[in-house]
Amino acid sequence: MLKTQEESILRWLDEGQELTPMQALNSFGCFRLASRICNLRKKGYCIETERRNGHAVYRMGWRA
């Protein structure tokens, strides 16, 4: 069974790994990582964004 990009991204983040747009493109063929992250946030996932050298880096966040 094929996974969606969102499922693949969520699994990656759930494993405690950070994800950049370049990694998403190379690993999942995802050209619009910010869109996939937005969709996951709308579904209730807590995903943090950090800016490093002008690029976004995403990781799973913690809920209070």
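## What covers α3

The cover over the buried residues of α3 includes α1, α2, β1 (47–52) and β2. Those buried α3 residues are Leu33, Ser35, Arg36, Ile37 and Leu40. Buried means under 20% relative accessible area, exposed over 50% and partly exposed in between, with a 1.4 Å probe and protein chains only. Helices (H or I, at least four residues) and strands (E, at least two) are DSSP runs, numbered from the N terminus. Just after α3, Gly44 takes a positive phi of about 105°.

This is a predicted model: local features need pLDDT of at least 70, side-chain atom pairs count only at pLDDT 80 or more, and totals for chains, interfaces and linings use all residues. Residues are numbered from 1 along each chain as its sequence is written, and side-chain values use heavy atoms, without hydrogens and water.

## The nonpolar core

The largest nonpolar core has 13 residues. Ile9, Leu13, Leu19, Leu33, Ile37, Ile47 and Tyr58 touch the most other members. Two or more residues come from each of α1, α3 (33–42) and β2 (55–60). The largest share, four residues, is from α1. A nonpolar core is a set of buried Ala, Val, Leu, Ile, Met, Phe, Trp, Tyr and Cys residues joined through side-chain atoms within 4.5 Å.

Take Ile9. Beyond its neighbours within four places in sequence, Ile9 contacts Leu19, Phe28, Cys30, Leu33, Arg36, Ile37 and Leu40. Contact means heavy atoms within 4.5 Å.

The axes of α1 and α3 come within 10 Å and cross at roughly 80°. α1 is therefore roughly perpendicular to α3 (65 to 115 degrees; under 35 is roughly parallel, over 145 roughly antiparallel, the rest oblique). Gln5, Glu6, Ile9, Leu10 and Leu13 of α1 make the contact with Leu33, Arg36, Ile37, Asn39 and Leu40 of α3. Axes are lines fitted to C-alpha atoms, for helices over the stretch in contact, and angles run from 0 to 180 degrees between N-to-C directions.

α1 and α2 pack at about 120°, with axes 11 Å apart. That angle makes α1 oblique to α2. Gln5, Ser8, Ile9 and Trp12 in α1 meet Gln23, Ser27 and Phe28 in α2.

## The aromatic pair

The structure holds one aromatic pair. Trp12 and Phe28 sit edge-to-face, 5.6 Å centre to centre, with 90° between the planes. The pair links distant parts of the chain: Trp12 is in α1 (residues 5–14) and Phe28 in α2 (residues 21–28), 16 residues apart. Rings of Phe, Tyr and Trp (its six-membered ring) pair if their centres lie within 6.5 Å; planes under 30 degrees apart count as stacked, over 60 as edge-to-face and the rest as tilted. Trp12 is buried, at 18% relative accessible area.
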